Protein chains: 2
Amino acid sequence: MADWNWKLVTETFLQLLESIRRRTNEALQKLPLSDSPVYLYAPVRYILEGEGKRLRPILVHLSGQAFDARPEDILNASLAVELLHNFTLVHDDIMDHDNIRHGQPTVHFKWDESTAILAGDGLYAIGQLCISKLKTGQLEAVRAFNQATLMVCEGQAYDKEFEENNRITLDHYFTMIEKKTGWLLGLCAELGAILGVKDELTRTHLRSYGLNLGKTFQIQDDLLEIFSDASMMGKSLGSDVLAGKQTVLTILSREYYPKEWAVFYQQARSLEMEETIQRLRTFFKDHGILEMAHKKANDYSLRAKENLSVIPESKRKPLIEFTDFIVNRKR
Amino acid sequence: MADWNWKLVTETFLQLLESIRRRTNEALQKLPLSDSPVYLYAPVRYILEGEGKRLRPILVHLSGQAFDARPEDILNASLAVELLHNFTLVHDDIMDHDNIRHGQPTVHFKWDESTAILAGDGLYAIGQLCISKLKTGQLEAVRAFNQATLMVCEGQAYDKEFEENNRITLDHYFTMIEKKTGWLLGLCAELGAILGVKDELTRTHLRSYGLNLGKTFQIQDDLLEIFSDASMMGKSLGSDVLAGKQTVLTILSREYYPKEWAVFYQQARSLEMEETIQRLRTFFKDHGILEMAHKKANDYSLRAKENLSVIPESKRKPLIEFTDFIVNRKR
């Protein structure tokens with residue numbers, strides 16, 4: 001995990017993340033999938049062999065370990081959320097016409113849209129089969145899993161509905177990203193508490209942790225889309241801004257510098273991609289938008305850490321470190 | 001239900017079907033769905049208000065009643081399968097470029113593909129939430145539900161994989177339709193036994209009933225696609241044959257009259273639709289293909305009825321009548 005440009009988090013923690021990531025990948029490879037129909041399972045395997053960061057399975061592990069859940073249940077739940085996540089990515093990539101994901105061609109780009117629709121559906125069904133294998137808290141887990149899925153669908157719907165709409169405010173934005181990004185992380189964190197058979201209050205706190213962390217995560221994503229480099233992100237830069245998507249950077253610019261932003265944005269979109277990205281970077285830096293966004297990301301990470309107070313102090317550290325890890329991620 | 005051209009089945013049974021259909025529609029309208037995002041819920045509502053035949057919820061009711069399951073569980077399970085069914089229809093219609101379903105424009109045609117992909121995903125998630133509400137047999141039901149979903153995905157994958165492939169045999173065809181059509185009906189029938197807390201053997205018999213009935217159903221579908229009229233089917237005729245899909249009629253023609261069919265099919269596809277349909281009808285009738293297909297549909301319905309022997313005789317009649325109803329359906 002050498003490409004995680006890293007300062008705050010300890011080497012021991014990074015090794016822990018890497019070991020969970022490796023175990024997740026091994027388990028994904030070992031899923032008992034049929035060989036045929038090739039039309040379904042070739043793209044499914046292709047997706048599962050991709051270079052995902054596996055942050056969601058990692059969060060299930062850290063949360064599950066904090067609540068002394070069974071290792072086997074943690075593994076099955078973590079596979080289920082990773083499959084769910086990949087299902088949403090495959091379908092979102094069709095909807096958003098994204099051609100690169102995790103450094104490789106997206107399914108609809110490599111094959112076609114029909115293949116990608118069906119591969120996404122299949123991933124979700126396989127994820128459901130994983131979550132229904134749990135030995136503890138099955139019903140609560142299944143309900144939380146499906147409630148979160150519906151919220152993610154709602155978030156994606158807002159994302160599409162808000163495209164090219166200049167009246168979208170920061171409040172709308174946070175409603176959208178809480179659903180689109182927050183609920184899945186909330187599910188991961190809550191699953192740990194469900195598998196550890198904790199009470200409703202603890203579960204709610206863990207879900208809130210994920211919802212807040214999700215906001216930090218999505219703000220980071222919006223920033224990285226402009227300020228990282230494409231080879232590290234494994235996808236093209238600037239595509240959201242250029243597709244007229246609402247990002248924290250464009251909304252803050254519109255709210256604080258409405259006239260200047262309108263003129264600038266109109267011009268910037270008509271340029272070559274490289275030039276557009278350069279100009280956007282300069283705009284966001286010079287107008288203090290980047291700093292404001294960083295501050296918001298940081299604020300939500302602090303709220304996330306507060307939600308962790310329901311976990312005994314001796315068990316809390318890995319999740320605190322995970323939060324810092326998200327705040328400081330470079331891809 | 002005046003448009004079910006009907007002979008064999010009793011008036012009482014038809015009234016029973018109609019009452020289940022009405023209750024299903026009412027319950028679908030009462031699902032606690034949010035109003036926003038409109039992007040997601042407008043198409044979801046549009047689909048649920050469509051003129052579906054509700055055969056799958058009806059089967060869950062008949063099977064559940066045969067095993068004395070709780071009415072509330074039967075209702076929730078029946079809604080879940082109808083939502084699952086509609087999810088697959090919405091996605092299949094995108095993949096197959098079908099523009100009319102149940103007499104109204106399909107979602108991707110009325111809105112666009114992104115809307116339809118997401119509406120399908122949402123329907124599935126809502127279906128999952130219905131199935132996880134059960135009071136009895138929840139875990140078995142959830143597993144059966146998701147296993148069936150994966151099988152339906154496999155069936156649709158075979159359907160796509162087999163397009164325009166002249167080497168597909170009747171065996172391939174039955175593998176495909178067992179998954180694509182049979183497993184969902186198998187799920188409906190098995191759910192009744194699960195909700196009635198019956199043993200593994202009973203469950204397996206009921207699933208087999210649905211798998212066999214599904215073959216009858218799909219053969220009928222292939223026949224109706226050519227021999228019914230479009231207004232009654234609520235969709236355009238001949239589209240499967242013209243899309244190069246494998247149907248029982250085209251495979252039988254190819255197996256029994258390989259050379260004659262190859263020449264005929266090539267010519268027929270180049271004509272106006274009306275003319276093509278007329279010529280196909282004549283070919284299938286004159287060569288005995290229609291009769292062979294009818295016989296196969298009937299054979300599978302007899303096997304289906306045999307599977308019902310695990311149900312006490314006094315409780316078996318509605319499912320026998322349902323089987324006859326499927327065999328004789330006109331749309």
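**Reading a predicted two-chain model**

User: I've got A:Glu178 and A:Lys215 on screen, and their side chains meet in a salt bridge, 2.7 Å from N to O. Which parts of the chain does that pair link?

Analyst: Keep in mind that this is a predicted model. The general idea first: side chains of opposite charge can pair when their charged atoms come close. Here the pair links distant parts of the chain, 37 residues apart. A:Glu178 belongs to helix 8 (residues 170-195) of chain A, while A:Lys215 sits in helix 9 (residues 200-227) of chain A.

User: How many salt bridges does the structure hold over all chains?

Analyst: The total comes to 46. Now look across the interface of chain B and chain A: the rule finds zero salt bridges there.

User: Then how do I read that interface, and how much area do chain B and chain A bury between them?

Analyst: The size of an interface is often given as the accessible area lost when the parts come together. For chain B and chain A it's about 3500 Å², with 70% of that on carbon and sulfur atoms. The contact draws 40 residues from chain B and 40 residues from chain A. As for polar contacts between the two chains, the count is twelve residue pairs, with both residues at pLDDT 80 or more.

User: Which helices of chain B each supply at least two residues of the side that touches chain A?

Analyst: That would be helix 2 (38-48), helix 4 (71-95), helix 6 (113-131) and helix 7 (138-162) of chain B. Helix 7 of chain B gives the most, with 15 residues. Sorted by class, the side of chain B that touches chain A has 21 nonpolar, twelve polar and seven charged residues.

User: Switching to packing inside chain B: at what angle do helix 1 and helix 4 of chain B pack?

Analyst: Two packed helices are described by the angle between their axes and the distance between the axes. For helix 1 (residues 11-29) and helix 4 of chain B, the angle is about 80° and the axes are 10 Å apart. Angles of 65 to 115 degrees count as roughly perpendicular, so that's how these two helices of chain B are oriented to each other. On the helix 1 side, the contact is made by B:Thr24, B:Ala27 and B:Leu28, and on the helix 4 side by B:Leu75, B:Leu79 and B:Glu82. By class that contact has four nonpolar, one polar and one charged residues.

User: Last one, the backbone. Which residues does a cis peptide bond join in chain A, and which residue of chain B has a positive phi although it is not a glycine?

Analyst: Most residues other than glycine have a negative phi, and most peptide bonds are trans. In chain A, the cis bond joins A:Ser36 and A:Pro37, with omega about 0°. A:Pro37 lies in the loop between helix 1 (11-29) and helix 2 (38-48) of chain A. Chain B has a cis bond joining B:Ser36 and B:Pro37, with omega about 0°, and B:Pro37 lies in the loop between helix 1 and helix 2 of chain B. The positive phi belongs to B:His102, at about 50°. Look for B:His102 in the loop between strand 1 (100-101) and strand 2 (104-105) of chain B.

Technical notes
Residues are numbered from 1 along each chain as its sequence is written. Chains are lettered from A and ligands numbered from 1 in the order in which they are written. Side-chain values use heavy atoms; hydrogens and water are left out. Contact means heavy atoms within 4.5 Å. Buried area is the accessible area (1.4 Å probe) that two parts lose on being put together, summed over both. A salt bridge is a side-chain nitrogen of Lys or Arg within 4 Å of a carboxyl oxygen of Asp or Glu. A polar contact is a pair of N or O atoms within 3.5 Å; within protein, one must be able to donate a hydrogen and the other to accept it, and residues adjacent in sequence count only if both atoms are side-chain atoms. Helices (H or I, at least four residues) and strands (E, at least two) are DSSP runs, numbered from the N terminus. Ala, Val, Leu, Ile, Met, Phe, Trp, Tyr, Cys and Pro count as nonpolar, Asp, Glu, Lys and Arg as charged, and the others, Gly among them, as polar. Axes are lines fitted to C-alpha atoms, for helices over the stretch in contact, and angles run from 0 to 180 degrees between N-to-C directions. Angles under 35 degrees count as roughly parallel, over 145 as roughly antiparallel, 65 to 115 as roughly perpendicular and the rest as oblique.
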